[in-house]
Amino acid sequence: MTGESVLLSEDRDGVRTLTLNRPYRKNAIDAELWAALADALRAAAADRAVRALVLTGAGSAFCSGADISTPDNAHPVYRMRALTDVAVLLHELPLPTVAKVTGVAVGAGWNLALGCDLVVATPQSTFAQIFTRRGLSLDLGGSWLLPRLIGLQQAKRLALLAETIDAEQARDLGLVTWVVAQEEIDGFVTELAARLAAGPPVALAQTKALLHEGAGSTLREALAAESRAQGLNFATADAPEAFAAFAERREPRFTGHWTVRRPPIRAAGNSENGR
């Protein structure tokens with residue numbers, strides 16, 4: 001161990017990159033890293049300067065899952081609460097997220113990647129829902145994510161057999177968005193994150209939420225939610241900016257700024273403070 005932080009954070013041009021930094025354990029996540037991840041996701045959600053988030057791992061692995069080698073005397077309820085916090089925060093993060101997967105992504109590590117909106121892998125990446133090989137069942141949202149992404153039968157295949165698949169197989173199943181050569185993945189993810197960060201932040205956040213909610217909604221419920229979201233979009237500077245940019249044949253500059261003016265507060269009666 002080096003004494004360096006277990007989670008590295010870097011900001012560049014509106015993109016925050018979080019790097020799991022336990023390469024000596026293939027970035028297996030211990031209690032300290034679970035807590036650091038939760039704190040980092042809360043901070044990203046609260047920071048309006050952050051427009052997109054990239055999650056990756058240091059060294060030759062993305063994440064080998066929860067670190068079961070580290071002694072932890074906490075009750076399993078409390079240990080699982082740390083995982084639950086991260087899964088919910090990542091799912092509800094009002095930013096587009098990208099998992100950059102090099103090397104292995106297994107168990108909770110794979111489900112951490114699947115919790116991101118987009119997944120970029122290399123031909124060397126491998127994936128496994130390894131839980132049953134450890135005498136465990138799915139966690140970090142795997143039982144919810146997998147059936148929604150690939151259907152119940154394929155989810156059962158991966159979860160019950162705990163087989164290892166490569167990046168091409170994962171892409172064919174719909175669990176990886178792109179497979180990019182090892183030497184090209186850094187540039188690819190940088191460009192992808194920049195495109196996301198340049199997008200309209202309010203509209204992207206609402207689009208992400210609509211897609212998540214739509215999976216469990218009726219058509220009428222989804223249409224009603226879309227209508228409410230569009231009302232908010234038209235109240236930002238971004239929709240008019242997009243129309244103007246289209247007319248002027250230029251790229252739009254999105255800010256997410258609110259354009260509805262608050263009415264002036266008028267004093268009631270003779271009170272000086274209007275109360």
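Predicted model: local features only at pLDDT ≥ 70, side-chain atom pairs only at ≥ 80, totals over all residues.
The largest cavity has a volume of about 30 Å³, a volume being the space filled by probe spheres set on the grid points, which are joined across faces, edges and corners.

I then listed its lining, meaning residues with an atom within 4 Å of a point, and noted Arg51, Pro94, Leu95, Pro96, Pro201 and Leu204. I sorted these into five nonpolar, no polar and one charged, with Ala, Val, Leu, Ile, Met, Phe, Trp, Tyr, Cys and Pro taken as nonpolar, Asp, Glu, Lys and Arg as charged, and the others, Gly among them, as polar.

I turned next to the domains, which an automatic or database assignment supplies, and read domain 1 as 7-198 and domain 2 as 201-248. In their contact (heavy atoms within 4.5 Å), I counted 10 residues from domain 1 and five residues from domain 2.

The side chains of Asp117 and Lys208 form a salt bridge at 3.1 Å, N to O.

For my own reference, residues are numbered from 1 along each chain as its sequence is written, and side-chain values use heavy atoms, with hydrogens and water left out. Local features need pLDDT of at least 70, side-chain atom pairs count only at pLDDT 80 or more, and totals for chains, interfaces and linings use all residues.

Methods:
Salt bridge = Lys/Arg side-chain N within 4 Å of Asp/Glu carboxyl O. 1 Å grid on protein atoms, 1.4 Å probe; cavity = no way out; pocket = protein on both sides within 12 Å on 5 of 7 lines; lining within 4 Å.
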